[in-house]
Amino acid sequence: QVQLLEFGGGLVQAGGSLRPSCAAPGRTFSQYALGWFRQAPGKDREFVAAISWGGAGINYADSVEGRFTISRDNAKKTVYLQMNSLKPEDTAVYYCAANAMLATLRHGYWGQGTQVTVSS
């Protein structure tokens, strides 16, 4: 079992930045691929970004490429999502996910989500 705790969402104006974080206390943090997904009202949950257990493999959704950066600190057992140049369409609940492989993140463990709201 992996417990994921997101924090660091909030309200920001368009063009601003936020850096939500996801802590995963536990002995096996470094063995998991980690990712961020988001879900806007009335829409399906969609992939945002993911990082492999060692940090060498990173993927982004086309909609956030160049604006968002995912990173992880295995010593702190935390994964970060630096979000710059935010747009109103980035407004959503952001969820952290963990699983053994990048390809299976959707079928692994989930956090409770953190709200990100971007005002125009």
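Trainee: How many bridges join β3 to β8, and which way do the strands run?

Mentor: Three bridges join β3 (residues 21-23) to β8 (residues 78-83), and the two run antiparallel. Strands are DSSP runs of E, at least two residues, numbered from the N terminus, and two strands pair if DSSP finds at least two bridges between them. This is a predicted model, where local features need pLDDT of at least 70, side-chain atom pairs count only at pLDDT 80 or more, and totals for chains, interfaces and linings use all residues. Residues are numbered from 1 along each chain as its sequence is written, and side-chain values use heavy atoms, with hydrogens and water left out.

Trainee: What is the strand order in the open sheet?

Mentor: Its four strands go β1-β3-β8-β7, with antiparallel pairing. β1 (5-7) and β7 (68-73) are the edge strands, each pairing on one side only.

Trainee: Which residue in β8 stands opposite Ala-23?

Mentor: Thr-78 does.

Trainee: Is Thr-78 buried or exposed?

Mentor: Thr-78 is buried, at 7% relative accessible area; buried means under 20%, exposed over 50%, partly exposed in between (1.4 Å probe, protein chains only). Its side chain reaches the backbone oxygen of Lys-76 at 2.9 Å.

Trainee: New topic. Which cysteines form a disulfide?

Mentor: Cys-22 and Cys-96, with their sulfur atoms 2.3 Å apart; the cut-off for a disulfide is a pair of cysteine sulfur atoms within 2.5 Å.

Trainee: What does that pair tie together?

Mentor: Cys-22 is in β3 and Cys-96 in β9 (residues 92-99), so the link ties together parts 74 residues apart in sequence. Both Cys-22 and Cys-96 are buried.

How values were computed. A polar contact is a pair of N or O atoms within 3.5 Å; within protein, one must be able to donate a hydrogen and the other to accept it, and residues adjacent in sequence count only if both atoms are side-chain atoms.
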